[in-house]
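Dear colleague,

Please find below the structure that I am handing over to you.

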Amino acid sequence: MPQDSAPFGPFVVRPAAGPDLWLALPPAALPDGTERTVVVRFGHAAAVAELKRLRGPGARRVVAASPDLLGTLGLWPGARLFALRDGGTLRFGPLIGIATAGPARRKRALLEAFARLRPDVPFAVFDLRDVDWARLRVPALVWTERGPRPAAVPLPDVVYNKIPSRRLEQKLEREGIIDRWYALSRAPIVNASYFHKWDVYLDLIAYPEIRPNLPETILAPDEADVADLLARHRRVYLKPAEGAKGRGIIRLDRDGPEIVARFYLGGRPRLRRVTSLRRFLRQAFPPGRLRSYIAQQGIPLIAEGGRPVDFRLHLAKGEDGRWHPIVLAAKVAGEAGVTTHLAYGGRLDDAGAVLGRHFGEQAVGLRLALLQFGRAVAEKLEHATGQPLIELGLDLGVDEDGRLWLFEANAKPGQAAFGRDRHLVRLRRLKLIAALIRLAGFPAGASGEKKEGPA
């Protein structure tokens, strides 16, 4: 076959009666001089097939294949996909895997979220625990012209990790499933793991341009560590090192001879004034529990109505492989002032408006600085972790002097910062799909990405 680096299609796959392994393509995909046989690849599956020319009404957008070829490739009728010629090989795809776990409704929701936006791309949603390692196949939920259906598919070209919990992800690692994947598959797992707060701190503090914007942080602090941070910074946050969504956070403030502790208990804000840090830590943490926490320097952030404000920057990659801001939202802390998470009473606000109220004409420059800083953090973090990333959520802050800070980075960010803006949700998913297509080895022609900016 002639070499052609541009993908063509999309095509819909149709079964056709007949024995052996054969494939029929539209005339435009079979120029004169094309070989009579070709190596066909779909994900990790491959077969040598006889080529035929497809004719008749509607042939321009159809690929017809024998039942034997469909079975060998794990290709399902009704799939829509692109084709890529490369010498004697014809690649169909890109086959994008989405790894998850849990009930069927979760798999269906994930599939529909992506496939309804790009029905011309074959997605397969599956559980890594279900992989048949002998055959390199996995039962998955796939998309057809008539909606979702189950199918046994080959290992995909790329996998987007949407495993719903850190605990399950760690269980898969302990059981050797992740190591086996990398041993037997060439497909990268994108956003491969939840971040650990201490690992992120160590990764980023190595960069001189990022280090001044990181609050001082200590892993597994003891009483002396917390007391020292309080003496020097007046405010300390105690956070679970592997926590999420604001759970388990305690804020400590030095107020003369007393320490003011703010936290949530049973979903309600609590405030305690104590004179003995030792007694409070012993009451708040069972023996050994602090070893799973970090102590982080408290920053005098700008505040709205006395409540601290931070900023969530949601970044996603596109087909160009660069980081793009999807949304920058201000988050105002809840009643207790412990965390800005919406589940604990935080609320969203317009980032530009908040910065304008505090910094006037400097607000535009500060907003731009937050975006540029966020991109720099994403680039450094991806380099440091060595894993492909296509999405990040960064929790940033601006103190009363206009200095920028990074508090946390999330490899599995939620969409709370989008509010009810469906345009942002759509933009995020389109960027992610384009990035996955690129990582699958298909050129930009298959990405379908439009040059849209954040709302």
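Predicted model: local features only at pLDDT ≥ 70, side-chain atom pairs only at ≥ 80, totals over all residues.

Enclosed space

The count comes to 4 cavities of 30 Å³ or more. The largest cavity holds about 280 Å³ of space. Its lining consists of 21 residues, and the closest to the centre are Tyr 237, Lys 239, Asp 310, Val 338 and Phe 407. By class, the lining of the largest cavity divides into 8 nonpolar, 7 polar and 6 charged residues.

Which elements each supply at least two residues of that lining? They are strand 15 (235–240), strand 19 (293–297), strand 21 (307–317) and strand 25 (404–410). Strand 15 gives the most, with 3 residues.

Helix 6

Helix 6 spans residues 223–233, and its residues Val 226, Leu 229 and Leu 230 are buried. These three lie on the same side of helix 6, because they cover an arc of only 100° around the axis. Ala 224 and Ala 231, on the other side of helix 6, are exposed.

Several elements cover the buried residues of helix 6, including strand 14 (217–219), strand 16 (250–255), strand 17 (258–265) and helix 7 (277–284). Strand 15 and strand 19 are also among the covering elements, and both of these strands supply at least two residues to the lining of the largest cavity.

The N-terminal end is capped by Asp 222, with a side-chain oxygen 3.2 Å from the backbone nitrogen of Ala 224. Just after helix 6, Arg 234 takes a positive phi of about 70°.

Second largest pocket

About 320 Å³ of space lies in the second largest pocket. Of the 18 residues that line this pocket, Gly 248, Ile 250, Phe 263, Tyr 264 and Ala 284 lie nearest its centre. Strand 17 and helix 7 are the elements that give two or more residues to this lining, and both are also among the elements that cover the buried residues of helix 6. The lining of the second largest pocket divides into 11 nonpolar, 4 polar and 3 charged residues.

With kind regards

Methods:
Residues numbered from 1 in each chain as written. Heavy atoms only, no water. 1 Å grid on protein atoms, 1.4 Å probe; cavity = no way out; pocket = protein on both sides within 12 Å on 5 of 7 lines; lining within 4 Å. Points joined across faces, edges and corners; volume = space filled by probe spheres on them. Helix = DSSP H or I, 4+ residues; strand = E, 2+ residues; numbered from the N terminus. Nonpolar A, V, L, I, M, F, W, Y, C, P; charged D, E, K, R; others polar. Buried < 20%, exposed > 50% of the residue type's maximum accessible area, 1.4 Å probe, protein only. Arc of directions from axis to C-beta. Contact = heavy atoms within 4.5 Å. Polar contact = N/O pair within 3.5 Å; in protein donor to acceptor, adjacent residues only side chain to side chain.
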